[in-house]
Amino acid sequence: MQFRSDLAVEHITAEKLPLGVHMSKRGKAFEITEIIIDSDDHKRSMGKGKGKYITLEGGSLSRFSDIYEDMALELSDEIRRLIPDGEIFVAGLGNRDITPDAIGPQAAEKILATRHLRSEIEDDDEAFLTSLRPVSSLAGGVLGQTGIETAELIGALCREIKPAAVIAVDALACSDISRLGTTIQISDSGISPGSGVANARKELSAATLGIPVIAVGVPTVVDMHTIVRSLADIDVDDDTPNMMVTPRDIDRLTERAAQLIAFGINLALQPTLTFDDVRGLF
């Protein structure tokens, strides 16, 4: 049966691993599944190309957890494994005016921007600030708002500021409703904005930008055809009207998932900061 999902873990099972695909599990605050795909040979069949896909699964991200700090630290550890040394550009993908698509822009607003500090602060007393990794962030909107492809905008900025890597934060689609708002996926294979809702734009990846692109996202939608196919085992005709379904607490989910992702990114990029330091930024 056909289904639409941005999550690698929903395209691959441990029981039927194709040749060149590896899966391992770990984690404490989250149940973490890491999938490594050695080549692009399976891109057509699985929709996933060469790279690492790390899935963190836990409880609903719309609720504060007693282990929130552990979750943020574990998320930061997983992100840190994929980022190179040097300046990082964080891009918040999506439309802030559409709640299920607002995770990227809301996370970008909470990123500690430090790229400008070294040129603006000369006082020795502020040496700690100038020692932070240079980071910049932007939520540039979507094509319908700006008339500019996201890939064009980010590509132009990368040519100007020359970061070592891009971290792209976006909302995702899943096929299993239990993963709505409970899952975070991290990947070093890049991202095609809007692909989960069949509105894919130009790809953001090492192939298109010339630098590593680490994608971080949370599934906030599942399409109705996929729900019917998975729950009722009915093959819905593609001509049947479809719709995207999102959790009823999507406002709270978007806000809190974006905050957790921002915590993880800030801690990953600035290892000298503690959880309490980062919490004080919000």
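Visitor: Is lysine 162 buried or exposed?

Guide: First, a word on the ground rules: this is a predicted model, where local features need pLDDT of at least 70, side-chain atom pairs count only at pLDDT 80 or more, and totals for chains, interfaces and linings use all residues. Residues are numbered from 1 along each chain as its sequence is written, and side-chain values use heavy atoms, with hydrogens and water left out. Now, buried means under 20% relative accessible area, exposed over 50%, and partly exposed in between (1.4 Å probe, protein chains only). Lysine 162 has 62% relative accessibility, so the residue counts as exposed.

Visitor: Where does lysine 162 lie?

Guide: Helices (H or I, at least four residues) and strands (E, at least two) are DSSP runs, numbered from the N terminus. Lysine 162 has a phi near 55°, a positive value in a residue other than glycine. Its place is the loop between helix 7 (150-161) and strand 6.

Visitor: How many residues of strand 6 are buried?

Guide: Strand 6 covers residues 165-173. The rest of the structure largely encloses this strand, because the buried residues number nine of the nine.

Visitor: Which residue of strand 6 is the bridge partner of glycine 92?

Guide: Two strands pair if DSSP finds at least two bridges between them. Strand 4 (residues 88-92) pairs with strand 6 in the parallel sense, over five bridges. In that pairing, the strand 6 partner of glycine 92 is valine 169.

Visitor: And what stands opposite aspartate 170 in strand 8?

Guide: Strand 8 (residues 213-223) also pairs with strand 6 in the parallel sense, over eight bridges. Opposite aspartate 170 you'll find glycine 217.

Visitor: How far apart in space are methionine 244 and alanine 173?

Guide: Methionine 244 belongs to strand 9 (residues 244-245), and with 33% relative accessibility the residue counts as partly exposed. In sequence, methionine 244 and alanine 173 are 71 residues apart. In space, C-alpha to C-alpha, they are apart by 9.2 Å.

Visitor: Which side chain makes a polar contact with the side chain of serine 187?

Guide: Serine 187 sits in strand 7 (residues 183-187) and counts as buried, at 2% relative accessibility. Leaving out residues up to four places away in sequence, serine 187 touches Lys52, Tyr53, Leu82, Val213, Ile214 and Ala215 (contact means heavy atoms within 4.5 Å). A polar contact is a pair of N or O atoms within 3.5 Å; within protein, one must be able to donate a hydrogen and the other to accept it, and residues adjacent in sequence count only if both atoms are side-chain atoms. At 2.7 Å, the side-chain partner of serine 187 is serine 189.

Visitor: How many salt bridges does a search of the whole structure find?

Guide: A salt bridge is a side-chain nitrogen of Lys or Arg within 4 Å of a carboxyl oxygen of Asp or Glu. Glu10, Glu57, Asp176 and Arg179 are linked in a network of them. Arginine 252 also forms one with aspartate 249, at 3.6 Å between the closest N and O atoms. Across the whole structure, the search finds 15.

Visitor: How many residues apart in sequence are the parts that glutamate 34 and arginine 81 tie together?

Guide: Glutamate 34 is buried, with a relative accessible area of 5%, and its salt bridge with arginine 81 has the closest N and O atoms 3.4 Å apart. Glutamate 34 lies in strand 2 (residues 31-37), while arginine 81 is in the loop between helix 2 (68-80) and strand 4, so the parts that this pair ties together are apart in sequence by 47 residues.
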